[in-house]
Amino acid sequence: MQKRLYNWMNLIGIGFIVVGGLVLILGMVGVIDLDVFAFGISAGVRIVGTLAITGCLLSAIACFALEFNNDKS
C-alpha cells in the first residue's frame, strides 16, 4: 500500500516538474505571458518556478521513502 502511494507521489512530482518546466520555457520564449501567474508583489516566474521545485521535492521524498522501504525488507 505504501509503495503504491510513494509511486503515485513520485508521478505527481514528475508531473509538476514537467508542467512547471514547460511553462517556464514557454514563458521565456514569449509564447505565454508569465504576468498571468503574478500574485501580489511576486513575479510570475517565481510562482511557476515554485511549482517545479515542489515537484522536485515530492519526487525526492518519494524516492527516499521507496529506497528506505526496500532496505528494510
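A patch here is built from residues with over 30% relative accessible area and no salt bridge, with like charges joined within 9 Å and nonpolar side chains (Val, Leu, Ile, Met, Phe, Trp, Tyr) within 5 Å. The model is predicted, so local features need pLDDT of at least 70 and side-chain atom pairs count only at pLDDT 80 or more, while totals for chains, interfaces and linings use all residues. Residues are numbered from 1 along each chain as its sequence is written, and side-chain values use heavy atoms, leaving out hydrogens and water.

On that basis, W8, L11, I12, I14, F16, I17 and V18 make a nonpolar surface patch of about 640 Å². W8 sits in helix α1, residues 2-29 (helices are DSSP runs of H or I, at least four residues, numbered from the N terminus). With a relative accessible area of 53%, W8 is exposed (buried is under 20%, exposed over 50%, partly exposed in between, using a 1.4 Å probe and protein chains only). Buried residues of α1 are Y6, M9, N10, G13, G20, V23 and G27. Just past α1, G30 adopts a positive phi of about 110°.

F64 is exposed at 58% relative accessible area, whereas F68, at 45%, counts as partly exposed.

Notes:
Areas by Shrake-Rupley, 256 points an atom, 1.4 Å probe, with all protein chains shown as cover. Salt bridge = Lys/Arg side-chain N within 4 Å of Asp/Glu carboxyl O. Helix = DSSP H or I, 4+ residues; strand = E, 2+ residues; numbered from the N terminus.
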